[in-house]
Amino acid sequence: MSHGSEPIADAAPGAGAEQITEEITGFLTDALRRPIGPDDDYFELGLVDSLFALELVTYVEQRFALTVEVEDLDLDSFRTAHRLTEFVRRKTGADAGRRTHVGDH
Amino acid sequence: MSATTETAGARLVAAAAGFAAASRDAAADWDREGRVPDGVRRDLAATGLLAADLPPAYGGAGLTPAEVGEAAAHLGGVCSALRGLLTVQSMVAAALARWGTRGQRAHWLPALAEGTLTAGFAATEEGAGSALGEVETTVDETAGGAALTVTGRKKWITFGQDADVLLVLGRTGGKPAAVLVETDRPGVTREPVRGQLGMRAAGIAHLTLDAVRVPADHRIAPPGAGLSHVAATALDHGRFTVAWGCVGMAEACVADAAAHAATRVQGGVPLGGHQAVGALLARIAVDAAAARELAARAARFRAGGQGRGVTETIVAKYAAADAAARAGRDAVQILGAAGCASDSRVGRHYRDAKIMEIIEGAQQVSELHIAAHVMRRFGAGA
Ligand SMILES: Cc1cc2nc3c(=O)[nH]c(=O)nc-3n(C[C@H](O)[C@H](O)[C@H](O)COP(=O)(O)OP(=O)(O)OC[C@H]3O[C@@H](n4cnc5c(N)ncnc54)[C@H](O)[C@@H]3O)c2cc1C
């Protein structure tokens with residue numbers, strides 16, 4: 001698969017938004033088996049099955065080395081590749097220093 | 001906790017084996033009576049096995065997926081109701097560990113780990129089985145947002161007769177929402193279900209929630225995430241322990257069928273001397289072994305971290321439910337009338353295994369997911 005499970009090293013603070021969006025649209029296009037643009041709302045378009053939301057969380061966590069906490073579950077953040085990009089940048093920027101993993105504490 | 005994780009894991013897997021061995025004969029009585037005795041339920045809960053993969057910080061033993069699987073296989077090989085108790089408690093614990101706030105985790109998880117609190121998972125309704133997006137139970141904000149009022153009717157809740165608290169799937173303002181409801185609150189009525197095909201001792205109940213008020217902090221995750229995140233996490237965990245329970249059942253059927261085929265003589269030959277009987281035995285033995293390997297594979301993926309192994313778990317549950325159902329059917333065939341007797345172990349597994357092909361994602365629903373994944377993998381270049 002073109003989108004492996006290793007976190008991308010330079011997705012940390014400062015990684016280009018474009019690069020992140022490209023990563024994400026690539027994953028979505030593979031996962032949903034059709035081209036997904038940066039502003040396509042795949043939930044609204046009915047393209048996802050019942051397991052996809054969790055899969056997306058796991059993908060974002062692995063790929064960008066962050067943890068999605070319940071406080072992050074504003075589902076609007078997960079609707080489009082652009083919004084996800086903003087979310088990833090928020091999490092890997094300001095929050096990067098005090099990441100905790102669910103269950104680790 | 002003084003013991004290391006490995007030691008705690010080995011001790012708990014051994015405890016599950018011991019519990020299973022001690023329940024081997026009684027399980028038929030529980031099935032007939034439609035009830036696991038309260039004392040047995042409490043004893044199993046007190047072992048700490050019911051949510052043993054919770055981290056030690058929450059009172060769990062931090063069991064690995066493989067260890068949880070082994071424990072579920074031990075219980076499932078003897079009594080699906082006991083395995084069901086582990087399944088529902090650990091489903092709710094998994095959903096809370098993943099999507100509870102820090103405060104919710106601290107409040108609920110230690111009691112679930114200790115077994116002083118038992119939990120049920122209440123999703124299914126008359127109009128919402130495989131399609132859980134159709135649930136109609138309402139979770140309305142009342143008292144200026146300080147409380148939630150839950151109204152609806154839930155069906156087929158495993159250990160719903162006994163659970164202290166239920167993780168209920170409903171909707172708030174139309175959006176899927178998950179909420180914890182203690183069963184001693186006014187407005188909760190339980191109607192025991194009896195005489196169903198299988199899982200007869202699993203304390204199944206239909207539950208009516210009539211304007212049950214709970215504090216607002218009982219809601220797990222924001223509305224919108226109740227099904228796709230909270231219930232989905234619970235169901236993923238449930239499929240994993242069901243898969244392993246089915247491995248245990250399939251192996252138990254192979255053992256009983258082989259023992260019978262080797263010793264029962266008809267027309268001067270042991271039954272196993274007939275090629276057709278040997279073929280049945282061979283097939284179910286291979287199915288059981290394959291199911292175990294797929295369940296172990298799912299465990300390896302899950303050990304990779306939170307959220308991993310969802311599809312591998314579906315594959316394992318699908319294969320293991322099929323193996324158990326086939327092993328049950330063919331074991332009854334080989335035992336003949338003995339397999340049809342009211343106290344027949346393989347007969348009970350046969351009935352219980354059929355249930356496993358329906359719950360936690362019916363076989364046909366699993367096939368849809370598996371097929372979609374296969375196409376994703378190989379259809380990209382098309
Ligand atoms: C013993 C027992 C214990 C249970 N415990 C619980 C519990 O603890 N908590 C809880 O919430 N629920 C529980 N359930 C309910 C269980 O989860 C549901 O029975 C299950 O989800 C299937 O729903 P249904 O029975 O409404 O069947 P339906 O959804 O009506 O499906 C019936 C059949 O139609 C086919 N089918 C359905 N949808 C599709 C599809 N999309 N594609 C292809 N085929 C399809 C399948 O063959 C399926 O078996 C329990 C049920 C039993 C029997």
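## A walk across two interfaces

Select domain 2 and domain 3 of chain B: across their interface there are two residue pairs in polar contact (both at pLDDT 80 or more). A polar contact is a pair of N or O atoms within 3.5 Å; within protein, one must be able to donate a hydrogen and the other to accept it, and residues adjacent in sequence count only if both atoms are side-chain atoms. Before you click on, remember that this is a predicted model, where local features need pLDDT of at least 70, side-chain atom pairs count only at pLDDT 80 or more, and totals for chains, interfaces and linings use all residues. Residues are numbered from 1 along each chain as its sequence is written, chains are lettered from A and ligands numbered from 1 in the order in which they are written, and side-chain values use heavy atoms, with hydrogens and water left out.

**Stop 1: inside chain B**

To find your way, colour chain B by domain: 3–118 is domain 1, 120–221 is domain 2 and 227–379 is domain 3, with bounds from an automatic or database domain assignment. The C-alpha centres of domains 2 and 3 of chain B sit 29 Å apart.

Now show the touching residues. On the domain 2 side there are 14, and they meet 11 of domain 3 of chain B (contact means heavy atoms within 4.5 Å). Together these two domains bury about 1100 Å², and carbon and sulfur atoms give 82% of that. Buried area is the accessible area (1.4 Å probe) that two parts lose on being put together, summed over both.

Next, pick B:Phe121, B:Leu197 and B:Met199: this trio supplies 43% of the area that domain 2 of chain B buries against domain 3 of chain B, more than any other three residues.

How many salt bridges are there between domain 2 of chain B and domain 3 of chain B? The count is zero, where a salt bridge is a side-chain nitrogen of Lys or Arg within 4 Å of a carboxyl oxygen of Asp or Glu.

**Stop 2: chain B meets chain A**

Zoom out and select both chains. Here 29 residues of chain B are in contact with 24 residues of chain A. The two chains bury about 2400 Å² between them, 60% of it on carbon and sulfur atoms. Highlight B:Trp99, B:Gln306 and B:Arg376, which supply 25% of the area that chain B buries against chain A, more than any other three residues.

Between chain B and chain A, the salt bridge count is two. To see a salt bridge, show the side chains of B:Arg98 and A:Glu61, which meet at 2.7 Å, N to O.
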